Amino acid sequence: MLFLRSGKWSVSLVLILTALWTMVGCDSGNTATPTPIAPTAIPTIPTALATSTPEPPATATTVATPSSTPIPVAKRGFVPIFCYHHIRDWVKSDAKDDRAYIVSPSDLETQLKWLKEAGYSSVSSEQIYDYYANGRPLPDKPIMLSFDDTDDNQFTNAYPLLKKYGFKGTFFIMTVSIGQENYMTAAQLKELDKEGHDLQPHTWDHHMVTKYTTDKDWQLQIVGPKKELETLLGHPTPFFAY
């Protein structure tokens, strides 16, 4: 999976974010271990209680806070990205290939619990873009938890677990499916957005991007979904999952 920052009328391939899947992903064969991002300095915590000695009176002099220095390109490490699809238990009719894209709620909870206890923080597409493009620091041990294709079980099964463990997800929305059977409704998408989750477009009907041959294809699959999602949520959605 690649996710890209898009312009107003066309996709600008500004940045391809490296996606590493360690437990489950769009490419189940990729088991590379990501280079960890160096933690930021831990502030010194005072060990003694303050005494009753009065503080000198404050003066009008102020000290300017230095602006954050961008992280050098050579020191920008990989951000692990988990790519989820169906969050439900297997059923008898699921084929072997289908099961690679299905994670049970209990397995998802095990993974989220481990990530929480290990000190990981979820980050959004905007944060990752700013990190790679501009060197803006991320929290210690950042990770993206992404969910593709608008499945309703992401709302019913994943959303409560994300809330339980204090994570935010990035949901890539296939707009033709909104409100259809087995897919999330507009109201559910708005609730996710209101709760601080990251929602971005993922084509109109999941048609392969390399098969687009006309301007009509690009308008239908890229421009249209972006406009629809922005109208629904009331704010820009500048990223796109390939």
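## A tour from the core to helix α4

Start by selecting Tyr84, Leu108, Leu112, Leu145, Phe147, Phe171 and Ile173: of the 26 residues in the largest nonpolar core, these touch the most other members. Keep in mind that this is a predicted model. Now colour β2, α2, β6, α4, β7, α5 and α6 (215-233), each of which supplies at least two residues of this core. Helix α4 gives the most, with six residues. In soluble globular proteins, nonpolar side chains tend to be buried together.

Next, click on Phe171. Which residues does Phe171 touch, leaving aside those up to four places away in sequence? Among them are Phe147, Gln154, Leu162, Met184 and Leu192.

Now select residues 152-165, helix α4. At 1.5 Å a residue, its 14 residues should span 20 Å, and the end C-alpha atoms are 20 Å apart, which agrees. Look along the helix for a kink of about 40 degrees at Ala158, shortly before the proline Pro160. Then show the side chains of Asn153, Gln154, Phe155, Ala158, Tyr159, Leu161, Leu162 and Tyr165, which are buried. Just after α4, stop at Gly166, which takes a positive phi of about 75 degrees.

Finally, zoom out to the whole protein chain, with its six helices and nine strands. Buried residues make up 40% of its 242 residues. The accessible surface comes to about 14,200 Å², and 57% of that belongs to carbon and sulfur atoms.

Key
Residues numbered from 1 in each chain as written. Predicted model: local features only at pLDDT ≥ 70, side-chain atom pairs only at ≥ 80, totals over all residues. Heavy atoms only, no water. Helix = DSSP H or I, 4+ residues; strand = E, 2+ residues; numbered from the N terminus. Expected span 1.5 Å × (residues − 1). Bend = angle between axes of the 7 residues up to and from the residue. Buried < 20%, exposed > 50% of the residue type's maximum accessible area, 1.4 Å probe, protein only. Areas by Shrake-Rupley, 256 points an atom, 1.4 Å probe, with all protein chains shown as cover. Core = buried A, V, L, I, M, F, W, Y, C linked by side-chain atoms within 4.5 Å. Contact = heavy atoms within 4.5 Å.
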